[in-house]
Structures are given as C-alpha cells and as structure tokens.
Amino acid sequence: MTQINKISVFQKTLPLTKPYRLSGGRLLFEELDSTFVKIETNNGYIGWAEGCPWGHTYLPAHGAGIRAAAELLAPALIGMNPCRIEHINDRMDLTLPGHLYAKSPFDIACWDIFGQSTEMSIADLLGGCYEEPTPVASSIPTGSPEQMLESIQEYRDRGYYTHSVKIGADSGVDTRRIRHLETHREDGELIWYDVNRAWLPAEAIQVMNGVLDLSVFFEQPCETLEQCATVKERTTHPISIDERLETVLDMQRIVHHGIGEIVNIKISRVGGLTRARRIRDIGRAAGMKFIIMDTGGSVIADTATQHLAQSIPRSARIATWLCQDMLSVDTAPDVGARNNNGDSQIPEGSIGLGVTPDEEILGQPVAVYE
Ligand code: MG
C-alpha cells in the first residue's frame, strides 16, 4: 500500500512586479509569502503543492500560519495512504479543526500522488477533464478611471481579454470608473467589477442601480452574505460571491437564498481540492457559473486551479487567474499552466498535477517530517 513517509516544507518570498492596491485602495501588497509542500511515499511517488495567502490583511490567513499548522498536520499524516484523500482530510480535521487554508497544500499534494499512481490528471480524477482552455482574468488594481484603463491595456498587450477590475474606494468615483471602462471595452472582452466587500449595502444599491443600462456583473459587493442578500433583493445585475464562500454550508446558503448566480472558488480558502469539489458539485446542481482561482502563489498554485477549472464544462466556466503573471520570481521556469493569448489550461499530458517546482529556486526546506 502506498504510504506517506516524508513531508518537506519550503518557504519562498514572491515579490510582485509592481505594488498592488486592493479594492478601496486600503490594502497595499508588495510581496507574497508562499509555502511549498512536498510529500514522498514509500514507493517513490512525490507530490507537490503550494499554499499562498494574498498577504495577511486580505483574509484570515497568513503565510507563516501554514508552516505553523504543518508542525501539527505533517506528523499526523505520516504512514497514511495519500490516495484515500477523504481520510487525509478527516485526519487533518481531527488534528487541527478549522485553518482551512493551511490544509490546502497537503490536500493538493495528495491529489498529485493519487494522479501519478493512477496515471491520470487531477482534472480527470475530479470527474473528467473538459479540454477547452479557460480565459485568464487580469487583476486590475484600484486607481483613477484613466489609470485603470492603462492597466487593462498592459494586460491586453499580453493577450488578456478578461478583466477583474477592483473598485469600491468611493461609490461616486466607482460609477465613473465603470462607465469609463465600459466605454473603452473592446469587442469580445469581459470585464467584471470586484468590490472585495468594500461597499455597504446602501452604496452597492446606489452604484449598481446607477448602471442598469450596462450588462455587467459584480463580485462580493459587501462584507457578509446577509448584506449581499439585501443587495440582491434590490438590484438586477448578477452577483458573484467570493470571500464569503468558504464552506459547503456557505454554498448551500447562497443557493437556498438566491444570493448570487456566480461563485468564485479559491482553492486554498475552501481548504483544498477535496472541499472545492463538494462546493463545485452543489453549484453545478444549482446551475451556477464559476470563477476558479487561488488566493495567490506561483505556477504550482496556478496549475492546480486549472485542473479544478477544467473539471467544469466550459459553458459554466467564466475565468481563472494566473498570479504568476504579477510576480518577478518563477518557481518552475517554462513548465506548468501558463498564459497563452489570454487563456490557460492544464499542462499537456498531465499526470497528477503535471508540474514540479525547481528545488534549487526554493532552497533548503524549512522543516522535514518523517
Ligand atoms: Mg474577488
């Protein structure tokens, strides 16, 4: 039987090519703290995964938290069969309740091994890979309408035709931002407006009802699901739920109360691919559309997102994101899922995850458990 006999944990700082301001302009990011997990088995399989929160101010998650959780989680997984991934998750929950983001890289590395041992891609293991690539969304920081259009142009120059535009600094200015960008939207382009929880319901209702003539959608307008439900009742634009979708129970509430038509599943926020799959299945049954991302990271995290994205039919898939395109470090040069003229897909012939990081770039592990 395949058994985990060694787990190594690596830390890598990932500098952003440019400082980034999140919605509201209130949060500044200059580098990300990423953790890489390498799981080895008694019969020679090696699984890899990456966990990378978007800084420590965006969500209740931080890079060092993954490594602290690893001190408890990794010893508890030694001797277990990594292909029994539900059992792996049960053990992690018994060892450390909550802390979903810290469990994600352990879960994904097990999926990598499961794929290698069955000679299947993770997308196939998740139900079957739909071959069409996924549009890659840019991440346009908050600024003046003109600055934001400039950022979009920079992404257009790299082939991007899908844009996630961060608004929410000032509801008066937000309407001008939306109108400016919609006026300059090119044929075939999709832009959505991501508020990252920055509006109160009154502001959301005001701005959204002020652009009723535009065919656009909004992501996570307010902090809580209850606030988003209030906005949903009083507006007509589709709403995507992002930061407030963490658990299957959240997904059930979103569906039951009709709070959104789109969900943005970030793999590490929900605790890995095993939990993301459950949320995906409820969404599929409810007729939702999907945006599939992670909270950050290099090509290793980005490639895992492509596997989950391609387990969803293209017609229900809106976009994904490649955080790697915002970084000045590449942890697996020239391999893994990449931007190809605004689309991305799992690496050709993927077995398991289909990419491994360059250990020389990662440096020595910060911890080894065996
Ligand atoms: Mg978002």
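Trainee: What volume does the largest cavity have?
Mentor: About 180 Å³. Keep in mind that this is a predicted model.

Trainee: How many cavities of 30 Å³ or more does a search of the whole structure find?
Mentor: One.

Trainee: OK, and which residues lie nearest the centre of the largest cavity?
Mentor: Y58, S139, K166, K266 and W321, out of a lining of 20 residues. Two or more lining residues come from each of β1 (4–22), β4 (134–140), β5 (162–166), β6 (190–194) and β9 (262–266).

Trainee: Which element gives the largest share of that lining?
Mentor: β4, with three residues.

Trainee: How do the lining residues divide into nonpolar, polar and charged?
Mentor: Eight are nonpolar, six are polar and six are charged.

Trainee: Switching topic. Which domains is the protein divided into?
Mentor: Domain 1 covers 4–119 + 359–369, and domain 2 covers 124–344. Their C-alpha centres lie 23 Å apart. The contact between them takes 39 residues from domain 1 and 48 residues from domain 2.

Trainee: What area do domain 1 and domain 2 bury between them?
Mentor: About 3,400 Å², with 60% of it on carbon and sulfur atoms.

Trainee: And how many salt bridges are there across the interface?
Mentor: The rule finds four between domain 1 and domain 2.

Trainee: Back to the cavity. What does each domain give to its lining?
Mentor: At least three residues come from each of domain 1 and domain 2.

Conventions
Residues are numbered from 1 along each chain as its sequence is written. This is a predicted model: local features need pLDDT of at least 70, side-chain atom pairs count only at pLDDT 80 or more; totals for chains, interfaces and linings use all residues. Side-chain values use heavy atoms; hydrogens and water are left out. On a 1 Å grid over the protein atoms alone, a cavity is a set of points where a 1.4 Å probe fits but cannot get out, and a pocket is an open set with protein on both sides within 12 Å along at least five of seven lines; lining residues have an atom within 4 Å of a point. Grid points are joined across faces, edges and corners, and a volume is the space filled by probe spheres set on the points. Helices (H or I, at least four residues) and strands (E, at least two) are DSSP runs, numbered from the N terminus. Ala, Val, Leu, Ile, Met, Phe, Trp, Tyr, Cys and Pro count as nonpolar, Asp, Glu, Lys and Arg as charged, and the others, Gly among them, as polar. Domain bounds come from an automatic or database domain assignment. Contact means heavy atoms within 4.5 Å. Buried area is the accessible area (1.4 Å probe) that two parts lose on being put together, summed over both. A salt bridge is a side-chain nitrogen of Lys or Arg within 4 Å of a carboxyl oxygen of Asp or Glu.
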